[in-house]
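Work through the exercises below with the structure in view. Each task is followed by a solution in steps.

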Amino acid sequence: MMHSNAANRLDRLPISRMHKITLIAVSFAYFFEFADINSFATTVPKLVKLWGVTINQIAYVTSLSFVGMFFGSLIASWLADRWGRKKALTITTVWFSVFSFAAVFSWDIVSLGAFRVLTSAGLAAMTVVAVIYVNEIFPAAVRGKYQAYAIVIGICGTPATNLLASFVVPLSDWSWRLVYLWGAMGIIFILFSRHLKESPRWYESKGQFDKADALLTQMEAQVSAEKGALPEPAPAPAFTEATKSRSKAPLKLLLQKKYLGPTILLTVLWVTQTIGFFGYSSWAPTLLAQEGFSVSDSIFYVALTTVGAPLGSYLASLVTDRFERKWCLVVFGTTIAVCGLFYGLTFNPVLIVVFGFLVNLFERGYTALAYAYSPEVFDTAGRSLGTGVSYGLGRLSNAAGPLIIAGLYTGSGYQSVFFFIAGTWMFGAIVLAIFGPKTRPKPFSPTLTQESTAPSSSTKVS
């Protein structure tokens with residue numbers, strides 16, 4: 001067997017129980033990834049008072065956490081290519097859960113910082129693998145919507161954690177540790193993992209066509225038993241020895257013209273998203289506390305703003321497969337810049353919550369769109385590596401972001417931080433508008449799939 005035709009066989013499957021189980025499992029992993037990602041931001045105002053933590057120490061811990069994310073993203077791309085998408089998803093979820101649990105027992109800012117770096121590596125790794133996994137399991141015509149659905153459910157972890165923190169952190173000198181214990185609950189994901197299937201596209205990319213065909217046949221039997229007879233898939237595209245050799249995905253693969261442009265573009269996307277989002281979410285509670293709001297009030301205000309996060313992901317699910325994703329990203333990024341700037345220009349509690357709510361709404365929508373958009377600009381051979389490297393470089397960029405924000409705050413004041421964040425979002429939107437390729441699939445047809453209707457070789461989905 002020279003080709004299992006995985007892409008076309010998967011793309012013509014209707015959404016079934018198999019897809020819904022996958023959605024629930026990935027959503028659960030996302031929930032505790034988002035629950036854990038802001039743990040440090042919600043507990044550090046207490047540690048400022050308890051341990052005497054300084055703004056510069058906060059900046060260093062946050063910066064090193066993004067270095068951890070960079071290495072986690074690279075390791076994730078290797079794991080996903082070497083051991084498969086399903087196994088990599090389980091390993092990375094268990095990893096961040098274990099080190100979040102370890103953070104419960106931190107004794108000073110150095111130990112907590114070390115555990116946060118290791119936790120962050122797992123968080124980024126899990127995200128990279130989950131994005132790839134959803135992209136390869138769900139049909140092309142609806143994968144953006146289901147990627148967004150997973151974020152809608154998963155992003156609830158952010159307001160859940162912030163509301164939990166606003167309640168438990170002020171209780172005592174030790175209760176802040178419960179926030180990290182909460183983040184460790186992601187380890188329950190291992191109960192879901194046995195119900196997930198490996199990506200047939202991964203087997204195919206490794207040249208294991210018999211395994212891919214056997215798995216596809218099993219999936220087709222399950223879906224047809226539930227939904228009835230399936231339409232014939234589109235014919236398999238040519239699979240050459242050159243294509244097979246690319247399945248090893250060495251780093252130099254990304255230097256090829258086909259992959260270099262998308263990698264640079266996505267690096268800009270993730271750099272601006274990372275600095276823009278984490279510059280806001282990681283610093284908002286601390287900066288509000290520094291400007292005179294109480295610790296409990298600052299955490300509570302930020303918790304209220306994050307209620308907009310699930311709504312933003314749901315908004316993305318409504319537009320992602322109806323409009324070109326590139327232009328959705330541009331509109332969302334511009335809106336975030338404007339709302340984030342207004343957030344920084346007011347000290348009125350009501351306006352802080354309103355503009356913070358809008359920032360969270362559009363930023364989480366932006367992220368859901370970006371998760372769908374990123375892997376679509378690569379084929380299977382370069383998807384794991386290209387997504388991992390660009391996402392990792394984005395996270396690495398924020399090793400400098402917190403230091404810039406700390407310098408701006410101490411040198412120019414509170415509002416300068418939000419001018420910087422707004423400018424970052426606008427730059428990303430402009431680059432996407434000018435250079436971003438279009439990836440929107442055509443409406444689903446049983447005999448016409450994304451694989452055969454991709455707009456160009458640079459944006460082909462396989």
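**Exercise 1. Find the distance between the closest N and O atoms in the salt bridge of Lys-46 with Asp-173, and state where each residue lies.**

Step 1. A salt bridge is a side-chain nitrogen of Lys or Arg within 4 Å of a carboxyl oxygen of Asp or Glu. In this predicted model, the closest N and O atoms of Lys-46 and Asp-173 are 4.0 Å apart.

Step 2. Lys-46 belongs to helix 3 (residues 39–50) and Asp-173 to the loop between helix 8 and helix 9 (177–183), so the pair ties together parts that are 127 residues apart in sequence. Helices (H or I, at least four residues) are DSSP runs, numbered from the N terminus.

Step 3. Classify both by relative accessible area: buried is under 20%, exposed is over 50%, and partly exposed is in between (1.4 Å probe, protein chains only). Lys-46 is buried, at 16%, whereas Asp-173 is exposed, at 51%.

A note on the basis: residues are numbered from 1 along each chain as its sequence is written, and side-chain values use heavy atoms, with hydrogens and water left out. Because the model is predicted, local features need pLDDT of at least 70 and side-chain atom pairs count only at pLDDT 80 or more, while totals for chains, interfaces and linings use all residues.

**Exercise 2. How many salt bridges does the rule give? Describe the pairs Arg-201 with Asp-11 and Arg-364 with Glu-363.**

Step 1. The count comes to nine salt bridges.

Step 2. Arg-201 and Asp-11 meet through their side chains at 3.1 Å, N to O. This pair links distant parts of the chain, with Arg-201 in helix 11 (residues 200–205) and Asp-11 in helix 1, 190 residues apart. Arg-201 and Asp-11 are buried.

Step 3. For Arg-364 and Glu-363 the N to O distance is 2.6 Å, and both residues are buried.

Step 4. Salt bridges also join Arg-9, Arg-12, Asp-213 and Glu-220 in a network.

**Exercise 3. How many disulfides does the structure hold, and are Cys-156 and Cys-339 buried or exposed?**

Step 1. A disulfide is a pair of cysteine sulfur atoms within 2.5 Å. The structure holds zero disulfides.

Step 2. Cys-156 is partly exposed, at 30% relative accessible area, and Cys-339 is buried, at 8%.

**Exercise 4. Where does Gly-401 lie, and what separates its C-alpha atom from that of Ile-421?**

Step 1. Gly-401 is in helix 21 (residues 401–412).

Step 2. With 1% relative accessibility, Gly-401 counts as buried.

Step 3. The C-alpha atoms of Gly-401 and Ile-421 are separated by 9.7 Å, and the two residues are 20 residues apart along the chain.

Key:
Helix = DSSP H or I, 4+ residues; strand = E, 2+ residues; numbered from the N terminus.
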